Amino acid sequence: MTEARRIVVKVGSSSLTTASGGLDADRVDALVDVLAKVRDQGAAGRTPAEGGEGLRAGGDKEIVLVSSGAIAAGLAPLGLARRPKDLARQQAAASVGQGLLVARYTASFARYGVRVGQVLLTTDDTSRRAHYRNAYRTLDQLLAMGAVPVVNENDTVATDEIRFGDNDRLAALVAHLVRADLLVLLSDVDGLYDGDPSRPGTSRIAEVRGPADLEGVEIGSAGKAGVGTGGMVTKVEAARIAAAAGVPVVLTSASRAADALAGRDTGTYFHRTGRRSADRLLWLAHASTPQGALVLDDGAVRAVVEGRKSLLPAGVAAVEGEFAAGDPVELRDTAGRAVARGLVSFDAKEIPQLLGRSTRELAKELGPAYEREVVHRDDLVVLRA
């Protein structure tokens, strides 16, 4: 942990705002104090008032901050007593709150001579190949220039179909995207417990080496404040995604952030369970929402799942739903089980005329534009081996 150079830190709404909505400037400043000092170990413990000279561009450590709080910050200014349930008012609150959130971070990091850059993402930005590369380049360049990227879901335009759903999962995927050495998930609870932390007799789980360590563990949902969307369930799922992608995870409370980043015994440490890769297909598997489905015959299932081949028209037995070329779709076997997910190359209305036919036959009858895969293997992730 102490050797990690590129670190993604995620903080939830409940750690930044009051229960009634509105940013808590003291909480934001306390978090920034920790992150700014971590960026440059030589400046640790020195505030600007104590003679700190600001942090160097490209310091010892790089921080990417995934911050919730936009919707929560917009509640009080709009006169909302609690987080609205309808999407339109959530988007309105996010529109007001996102500006307040970034302004607060900008002012707080400025005390250390550090600039911040706002990066707003939707699932569509990260499951498509070109968008994925653009997101990586932006984040990497901000870090190279000494800025702290502040990442959030683009709640002002995200619809139910293109939402990550929670920033814990977004943080895990961002950690994979930027090839982070460590992911730190900050909550209002100081780690994962083997039961309800408020009950006597429960204890903190210090390490998780794999799924077996969590068998029988009671995991809670969103907290009482009601300003966030996650809870321990989403944090454990995010930790699982990151660990499987080769990124270790520390889960602890915002008040213990300094301890976590210093490598001290706090929270719950999730060991890596998989290998690191630069494959954007992790996003396709965990951040996309299928807009329809393709039913594959048995031969196509074997080719896709076991052979890691592209899906050709000849292997498609049926099409379900309405989607456009480039949308994510689910690939199912004849029993209805999802075996893969991919970005489809045709509109739903085009596919019925392709069913069971070879690409050579289609090219001869319909033209060379139809001599291509329904889902290319580079745009396909297997869900069940």
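Residues are numbered from 1 along each chain as its sequence is written. In this predicted model, local features need pLDDT of at least 70 and side-chain atom pairs count only at pLDDT 80 or more, while totals for chains, interfaces and linings use all residues; side-chain values use heavy atoms, without hydrogens and water.

Eight strands form an open, mixed sheet, in the order β3-β4-β2-β1-β5-β7-β8-β6. Helices (H or I, at least four residues) and strands (E, at least two) are DSSP runs, numbered from the N terminus. Two strands pair if DSSP finds at least two bridges between them. The edge strands, β3 (116-121) and β6 (207-208), each pair on one side only. Strands β1 (residues 6-11) and β5 (residues 182-187) pair in the parallel sense over five bridges. Here V9 stands opposite V184 in β5. Helix α1 (residues 25-39) packs on the sheet and touches β1, β2 (62-67), β4 (148-153) and β5. Contact means heavy atoms within 4.5 Å. The direction of α1 makes about 155 degrees with that of β2. Axes are lines fitted to C-alpha atoms, for helices over the stretch in contact, and angles run from 0 to 180 degrees between N-to-C directions.

Y132 and W283 form an edge-to-face aromatic pair, 6.2 Å centre to centre, with 80 degrees between the planes. Rings of Phe, Tyr and Trp (its six-membered ring) pair if their centres lie within 6.5 Å; planes under 30 degrees apart count as stacked, over 60 as edge-to-face and the rest as tilted. Y132 lies in helix α5 (residues 129-144) and W283 in helix α9 (residues 281-287), so the pair ties together parts 151 residues apart in sequence.
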